[in-house]
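Open the model in your viewer and keep the selection tool at hand. The stops below say what to pick and what to look for.

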Amino acid sequence: MMHFTRNKKKRMVMILALVMAALLCAPVCVYASEDEPEMTYVAVGIKYGSSAVDSCEMYSDYGFQIVDISDGMEETLPLPGYDHLVIEAENGMINVYDEDGATLVTDLGENSVIMTGDYLDEGMFTSSVNARTYRGGLKFHVRDNGDINVINYVSLDHYLYGVLHGEMGAHNPLESLKAQAVAARSYAMAERSSHKSEGFDLCNVSHCQMYYGVDYERERTSQAVDETSELVIWHDGEIVPAYYCKNSGGYTQNSEDVWGSVSGYLKAVEDIWSPEYEWTASYTWEDLTERIPDIGDVEDAYVTEWTDNGNVYELTVVGEDDTKVLKREKIRTTLGASLCKSLRFELEGGSGKTIVIPASVSVLGADGLETDREEIVVYGSEDESFEYDSLDGMVVLGASVEKTLKDKEVKSMASDEGITLTGYGYGHGIGMAQDSAIVMGEEGLDFEEILHFFYTDIEIDYVNGGYDE
Ligand SMILES: [Zn+2]
């Protein structure tokens, strides 16, 4: 109740201010005072594509104002006394009505935004299209079929209020949240042309970043956004999409080793802060046959190449008719990224590399007696120490044998059941590992130290420059 009364009062004050302002600089004046810092805005699609609509309603306790965004934020029509607007798509135009159906604006256009009153501070509104509450305002993009994409036009920082808690829970250390805020802000700025043809910068799902609006705001995450306001990550004179993942498994990766493209700021680092995250995933040969069509029944799979820091780089899958070589992130997308949680795994059950042991080498069984088995399965990189396993699980080899084996002929032999992966980490392994960033915050590192640890050769600066790091 207190809240409501205060808003009413605020609205009265605003109406008076607007009337006076209108008298002084009619017909058009800039609403934001010159003392406000320059703010960056983003356009976030909240209903688009197949879920586009033909009408939309807006509700606000703060009133509304129509703002022209073609050059900054220029108020063109104050609507402070309205708490409910109806927007209709009609004959390729966007028309705005009051709740009684009286026309307020004909053909709003794409450079005009219906902002809530007090949008720089407390103002917010609710949209009928998804019953969520947002800051900023709405703009619309008319689609070829006459429907409209509904777009939340909101300051970059207010957008992050509605992103951050979904990316890193508000209970985490403030400096970790600040690092996440700067990374998410950089990502948003660098990716803001993703949906140009649809009339907005970013979508509201994980394709860009999950954005929930006011419902997901928390005090600490908003504090982290405010304390890093407008700060982003720069490399080579450009704002970069600061990729991040949940858990590195102990080593982050070069972008070229996962996605194929080189990025100067996405270099592998040994992640000494990474808390352990272990996972396993099993696939029968039938599972793999389903996932990898066109090579016949799958009967073997083994790792054929590793990155310099021990992640899987290449997986070879052998079918009855053909062989498929999967590289980099394609391995995870093929095996299912929710099962194969990272590329930092060991594979069991495939042939690995089976080595024919020369007659001169003694092979001992579990009973310690010499066995005449000639083939043993070897897991691991040829460059690193092998792990040995017999075909029947009984062979034991002395360390001295190891070197001799590396030069010998390789054959295939796989298990009947399929393969099991045992891995570490969660996600693509590139850029900031969130689990580690949380540990670093707990250990007293600040957000700049966290970001510099994960991103190579970067500067932290405002979107428009001028920050003294
Ligand atoms: Zn998107």
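Contact here means heavy atoms within 4.5 Å. Keep in mind that this is a predicted model.

**Stop 1: Asn254**

Select Asn254. Which residues does Asn254 touch, leaving out those up to four places away in sequence? The list is Leu266, Lys267, Ala268 and Ile430. Now show polar atoms. A polar atom of the Asn254 side chain sits 2.8 Å from the backbone nitrogen of Ala268. Asn254 belongs to the loop that runs between strand S16 (244-245) and helix H5 (255-258). Is Asn254 buried or exposed? Its relative accessible area is 17%. Buried means under 20%, so Asn254 qualifies as buried.

**Stop 2: the zinc ion**

Select the zinc ion and the protein atoms around it. Which residues are its protein donors? They are His195 through NE2, Cys203 through SG, His207 through ND1 and Cys208 through SG. Their distances from the zinc ion are 2.0 to 2.3 Å. Next, check the angles at the ion. The four donor atoms subtend 103 to 116 degrees, and therefore the arrangement is tetrahedral. Along the chain, the donors follow the spacing H-x7-C-x3-H-C. His195 and Cys208 link distant parts of the chain, 13 residues apart. His195 lies in the loop between helix H3 (174-190) and strand S13 (202-203). Cys208 lies in the loop between S13 and helix H4 (219-227). Both His195 and Cys208 are buried.

**Stop 3: the three-strand sheet**

Switch to cartoon view and select S17, S26 and S21. They form an open sheet in the order S17-S26-S21, and the pairing is antiparallel. Strand S17 (278-284) and strand S21 (345-348) are the edges. Each has a single partner strand, which means that one side of each has no neighbour in the sheet. From one strand to the next, the twist averages 15 degrees. Now look at S21 beside strand S26 (residues 418-424). How many bridges join S21 to S26? There are four, and the two strands run antiparallel. To find your place, pick Glu348: it stands opposite Thr420 in S26.

**Stop 4: the six-strand sheet**

Select the other sheet in this tour. It is open and has six strands in the order S7-S6-S5-S2-S9-S10. Here too the pairing is antiparallel. Strand S7 (103-105) and S10 are the edge strands, each pairing on one side only. Which residue in S6 stands opposite Ala89? Ile94 does.

**Stop 5: two positive phi values**

Stay with this sheet for one more pick. Select Ala131, in the loop between strand S9 (125-127) and strand S10 (133-134). Ala131 is not a glycine, yet its phi is positive, about 60 degrees. Its relative accessibility is 60%, so Ala131 counts as exposed.

Finish at Asp457. What is the phi of Asp457? It is near 55 degrees, again positive in a residue other than glycine. Asp457 sits in the loop between helix H10 (447-454) and strand S28 (459-462). At 62% relative accessibility, Asp457 counts as exposed.

Notes. Residues are numbered from 1 along each chain as its sequence is written. This is a predicted model: local features need pLDDT of at least 70, side-chain atom pairs count only at pLDDT 80 or more; totals for chains, interfaces and linings use all residues. Side-chain values use heavy atoms; hydrogens and water are left out. Buried means under 20% relative accessible area, exposed over 50%, partly exposed in between (1.4 Å probe, protein chains only). Donors are N, O and S atoms within 2.8 Å of the metal (3.2 Å for Na, K and Ca); water is not among the atoms, so sites may look incomplete. Four donors count as tetrahedral if all angles lie between 85 and 135 degrees; four count as square planar and six as octahedral if opposite donors are over 155 degrees apart and all others between 65 and 115; anything else is irregular. A polar contact is a pair of N or O atoms within 3.5 Å; within protein, one must be able to donate a hydrogen and the other to accept it, and residues adjacent in sequence count only if both atoms are side-chain atoms. Two strands pair if DSSP finds at least two bridges between them. Axes are lines fitted to C-alpha atoms, for helices over the stretch in contact, and angles run from 0 to 180 degrees between N-to-C directions.
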